[in-house]
Amino acid sequence: MANKKILVVPGDGIGQEVTAVGKQVLDAIAAKFGHSFTYDEALIGHVAIEATGQALPDESLAKMKASDAVLFGAVGHPKYDNDPSAKVRPEQGLLKMRKELGLYANLRPIKLFDELLDASSIKPEILRGADILFFRELTGDIYFGEKGRKNDGDTAYDMAEYSRYEVERIARKAFDAARTRRKKLCSVDKANVLETSRLWREVIQKVAQDYPDVEVEHQFVDATAMLLIKDPRRFDVVVTANLFGDILTDEASQIAGSMGMLASASIGDGTGVYEPIHGSAHDITGKGVANPLASILSAALLLDISFGMKAESEAVINAVDKVLKAGYRTGDIADASTPKDKILGTVAMGEKVLAEI
Ligand code: GGG
């Protein structure tokens, strides 16, 4: 029996809807395994800007630091897409949270549930058995470098920067993970063009000397984008920089059938944050159709990584598997052969998973 404090930070758009389901799943696990989970809530993103003027209010950050884990939703709002001059934006809350909590490693498992082989636009014979674990570096790169305008606003710049220290710490996390899997690591960069990538490759090669049992390959990001679709099974652990990881994992979500299936764990120096890789999806917000499985699978990662509760985490994954085996789908993972009565909304899909726990 464990006592744990979980901070629920739904954020914007469908973040609100899917995180509510993720929390219900944590509750069901606590009841089944005799744990005591207590919850608090905090604001981030557009909802935080509206309430306080800040994308990540100090109070939210303090609550994050004081909790054992954070179950997070998404940030974003379309109003900022058409207002490039906005000084405060929802995404600033996300970046500040990552920096302040030292969340330098973002784990994004790309796991295809067998039942979803046909949901993907990639051919089943290419996909079957694909299982990739991405390590996206999360607190450096072009996201955090100096940015600005010059020449009276006619020229814009974003600086990309990496230090040896930053590359080495994510590299070691990825190599450690490769040792527990198929012992293959692919480091993705653009070392034929970028100086940050040349340093990245140099550090990966040095760290690799401490892991002689792990087979290492280096790929350029453009080639990786192609190989993920052509031959996803060639990858085991992939480690890459912040921007490349952001883009490649959206692409790789198609291996798992949908963005709505992909969970993530952001870990580092303190409290871990667990969230779907998808954003706030305002086009479907409030319609009750968002896929809650990424939030549910994020809860499974939380149980495993932050609380060391392997059996509890597996109970969640098995429940998802059973629901998919029974043929239930949300709209994003349904296909022409899915019977209408098996296509569920957010809440109903959550209830099916809860019933299997
Ligand atoms: N749950 C992920 C999320 O809210 N994504 C929105 C976003 O702004 N993502 C940028 C990033 O992950 O760097």
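Below are my entries, in the order I looked things up.

**Ground rules.** I'm working with a predicted model, where local features need pLDDT of at least 70, side-chain atom pairs count only at pLDDT 80 or more, and totals for chains, interfaces and linings use all residues. Residue numbers start from 1 along each chain as its sequence is written.

**Domains.** I started with the domain assignment, whose bounds come from an automatic or database source. The protein chain gets domain 1 (1-109 + 259-357) and domain 2 (121-255). I find their C-alpha centres 24 Å apart. The contact between them draws 15 residues from domain 1 and 17 residues from domain 2; here two residues are in contact if their C-beta atoms, placed from the backbone, lie within 7 Å. On the domain 1 side, α5 and β4 (105-111) each supply at least two residues. β4 has the largest share of that side, 5 residues. Element names follow DSSP runs, numbered from the N terminus: helices are H or I with at least four residues, strands are E with at least two. By class I get 10 nonpolar, 2 polar and 3 charged residues on the domain 1 side. For those classes, Ala, Val, Leu, Ile, Met, Phe, Trp, Tyr, Cys and Pro are nonpolar, Asp, Glu, Lys and Arg are charged, and the others, Gly among them, are polar.

An unreviewed UniProt entry annotates residues 5-353 as "domain: Isopropylmalate dehydrogenase-like". UniProt positions use the numbering here, feature names are shortened, and annotations may be inferred rather than shown by experiment. I get 23 Å between the end C-alpha atoms of that span, with 41% helix and 19% strand.

**Strand β10.** Next I checked residues 237-240: are they buried or exposed? Val237 and Val239 on one side, and Val238 and Thr240 on the other, are all buried. My cut-offs: buried is 20 or more other C-beta atoms within 10 Å of the residue's own, exposed is 12 or fewer, partly exposed is in between, with C-beta atoms placed from the backbone. β10 pairs in the parallel sense with β5 (residues 131-137) over 4 bridges, and pairing needs at least two DSSP bridges. Arg136 stands opposite Thr240 there. β8 (residues 184-189) also runs parallel to β10, joined by 4 bridges, and Cys186 is the bridge partner of Val238.

**Ligand shell.** Which residues surround the ligand? I list Ala74, Val75, Gly76, Glu91, Leu94, Asp246, Glu275, Pro276, Ile277, His278 and Gly279, where near means a C-beta atom, placed from the backbone, within 6 Å. α5 (90-100) and β12 (272-276) are the elements giving two or more residues. The shell divides into 5 nonpolar, 3 polar and 3 charged.

The unreviewed UniProt entry lists Asp222, Asp246 and Asp250 as "binding site". They span 29 residues in sequence, but no two of their C-alpha atoms are more than 14.3 Å apart, so they gather at one spot. Asp222 sits in helix α9 (residues 221-230) and counts as partly exposed, with 13 C-beta neighbours inside 10 Å. Asp246 lies in helix α10 (residues 242-252) and is partly exposed too, with 17 other C-beta atoms within 10 Å.

**Gly308.** Last entry: Gly308 is in the loop between α11 (293-306) and α12 (310-325). Why do I call Gly308 exposed? Because 10 other C-beta atoms lie within 10 Å.
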